[in-house]
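Welcome! Please take a look at the sequence and the structure, and then read on for a short tour.

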Amino acid sequence: MAKRRAKGGAPKKGRAKVRKVMREYKRRTLRSGSGGRVRKRKQAVAIALSEARRSGARIPKRRRSRAR
C-alpha cells in the first residue's frame, strides 16, 4: 500500500521558510554562508531547505549524487 501525503504538500513550517528564503532570492537580498550574494536558483533552494530543517521542519534528507 502506498504512503499517503498530507494534503497541501510540504509541512507548513517548511513551506513558510522556503517561501521566505525564495522571496529574499527574488529581491536579490539572499546571502550565502560566506557572505556573498546568491545568484543561482538551485543554491537558493538548498539554503531554504537546510534552514527549514534547522528550524525543525520535517523535510526529507538530501539526495546524494552518484559518483560517475
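## The buried side of the first helix

In α1, the buried residues are G14, V21, M22 and Y25; buried means under 20% relative accessible area, exposed over 50% and partly exposed in between, with a 1.4 Å probe and protein chains only. These four sit on the same side of α1 because they cover an arc of only 100° around the axis, the arc being that of the directions from the helix axis to the C-beta atoms. An α-helix has 3.6 residues a turn, so residues three or four places apart point the same way. On the face of α1 turned away from its buried side you will find the exposed residues K12 and K26.

Before going further, please note that this is a predicted model, in which local features need pLDDT of at least 70 and side-chain atom pairs count only at pLDDT 80 or more, while totals for chains, interfaces and linings use all residues. Residues are numbered from 1 along each chain as its sequence is written, and side-chain values use heavy atoms, with hydrogens and water left out.

## The chain as a whole

The chain has two helices and zero strands; helices (H or I, at least four residues) and strands (E, at least two) are DSSP runs, numbered from the N terminus. Of the 68 residues in the chain, 19% are buried. Taking contacts between residues at least 6 apart in sequence, 33% join residues at least 24 apart, where contact means heavy atoms within 4.5 Å.

Helix α1 runs over residues 12–26, 15 residues in total, and its first and last C-alpha are 21 Å apart, close to the 21 Å expected at 1.5 Å a residue. That expected span is 1.5 Å times one less than the number of residues in the helix.

## How the two helices meet

What covers the buried residues of α1? Part of the cover is α2 (41–54). The two helices, α1 and α2, pack at an angle of about 145°, with their axes 9 Å apart. Here axes are lines fitted to C-alpha atoms, for helices over the stretch in contact, and angles run from 0 to 180 degrees between N-to-C directions. From α1, the contact is made by G14, K17, V18, V21, M22 and Y25, and from α2 by R41, A44, V45, I47, A48, L49, E51 and A52.

## The nonpolar core

Eight residues form the largest nonpolar core: V21, M22, Y25, L30, V38, A44, I47 and A48. Such a core is a set of buried Ala, Val, Leu, Ile, Met, Phe, Trp, Tyr and Cys residues joined through side-chain atoms within 4.5 Å. The elements giving two or more residues to this core are α1 and α2.

L30 is in contact with V21, E24, Y25, G36, R37, V38, A44 and I47, leaving aside its neighbours within four places in sequence.

## Residues worth a visit

Two stops lie in the loop between α1 and α2: R28 and S32. R28 has a positive phi of about 65° although it is not a glycine. Most residues other than glycine have a negative phi. S32 is buried, with a relative accessible area of 18%, and S32 touches V38, Q43 and I47, not counting residues up to four places away in sequence.

R53 lies in helix α2. Is R53 buried or partly exposed? R53 counts as partly exposed because its relative accessibility is 26%. Leaving aside neighbours within four places in sequence, R53 is in contact with I59, P60, K61 and R62.
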